Amino acid sequence: MENGDITFHTRKWVRPEDLNANGTLFGGSLLRWIDEEAAIYAIIQLGNGMAVTKYMSEINFVSSAEQGDLIEMGLTATHFGRTSLTMRAEVRNMFTRQSILTIEKIVFVNLGEDGKPAPHGYTEITYSRDRVPRQHLERMPPRQG
Ligand SMILES: CC(=O)SCCNC(=O)CCNC(=O)[C@H](O)C(C)(C)COP(=O)(O)OP(=O)(O)OC[C@H]1O[C@@H](n2cnc3c(N)ncnc32)[C@H](O)[C@@H]1OP(=O)(O)O
């Protein structure tokens, strides 16, 4: 599987505590949000809560956002390796669709119980919630039908 379309999931409202000294969105806040978004995406794709950030390529801050802006974060898997998952990320203004940030390559590694890289066995993106991390399985509602 290579180069899926980006799906925009999470929206954020740029608030005063997210601003830098210039009064625009602080890059550190944006990176914290995107790292968490990538972690959630990796957990869902790999069905494992033990997935860690390994590598991020250049980060391109394309344009700034201002207080009150509504932004959305998107990710897509671009490559399933043996133990890794590579994603592409984009953050954009929800209404103008203007790009705010792009990261071409974010690599997460699937860890085993021993904390070492472990094969995840997946090769394709899932668009449903069928790869449930073990610790959440017993709290799942029973299947209908
Ligand atoms: C969500 C978070 O915030 S997590 C917190 C931040 N992250 C961390 O603390 C992780 C710290 N790093 C580590 O613990 C270790 O580096 C590990 C366990 C992730 C990986 O250990 P390594 O010895 O590098 O593992 P290994 O060499 O087997 O590589 C594992 C995979 O990562 C890939 N990889 C390793 N280095 C890189 C790199 N620089 N760039 C891209 N991919 C890489 C490998 O190609 C391999 O993928 P594959 O199995 O799909 O082919």
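Visitor: How far from an oxygen atom of the ligand is the polar backbone atom of Arg82?

Guide: This is a predicted model, in which local features need pLDDT of at least 70 and side-chain atom pairs count only at pLDDT 80 or more, while totals for chains, interfaces and linings use all residues. Residues are numbered from 1 along each chain as its sequence is written, and side-chain values use heavy atoms, with hydrogens and water left out. A polar contact is a pair of N or O atoms within 3.5 Å; within protein, one must be able to donate a hydrogen and the other to accept it, and residues adjacent in sequence count only if both atoms are side-chain atoms. For the backbone atom of Arg82 and the ligand oxygen, the distance is 2.8 Å.

Visitor: Which side chain places a polar atom 2.6 Å from an oxygen atom of the ligand?

Guide: Asp35 has a polar side-chain atom 3.2 Å from a ligand oxygen. The pair at 2.6 Å involves the side chain of Ser84.

Visitor: Which element supplies the largest share of the shell around the ligand?

Guide: A residue is near the ligand if one of its heavy atoms lies within 4 Å of it; there are 15 such residues, and Thr53, Lys54, Arg82, Thr83 and Ser84 come nearest. Helices (H or I, at least four residues) and strands (E, at least two) are DSSP runs, numbered from the N terminus. At least two shell residues come from each of α1 (27-46), β2 (51-56) and β6 (99-110). The largest share, four residues, belongs to β2.

Visitor: Is Thr24 buried or exposed?

Guide: Thr24 sits in the loop between β1 (7-13) and α1. Contact means heavy atoms within 4.5 Å; leaving out residues up to four places away in sequence, Thr24 touches Asp18, Leu19, Ser64, Ala65 and Glu66. Buried means under 20% relative accessible area, exposed over 50% and partly exposed in between (1.4 Å probe, protein chains only). Because its relative accessibility is 18%, Thr24 counts as buried.

Visitor: What is the relative accessible area of Val62?

Guide: Val62 belongs to the loop between β3 (59-61) and β4. Beyond its neighbours within four places in sequence, Val62 is in contact with Ser99, Ile100, Leu101 and Thr102. Val62 counts as partly exposed because its relative accessible area is 44%.

Visitor: What pattern does the protein chain follow along the sequence?

Guide: The protein chain has two helices and six strands. Read in order, they give β-α-β-β-β-β-β-α.
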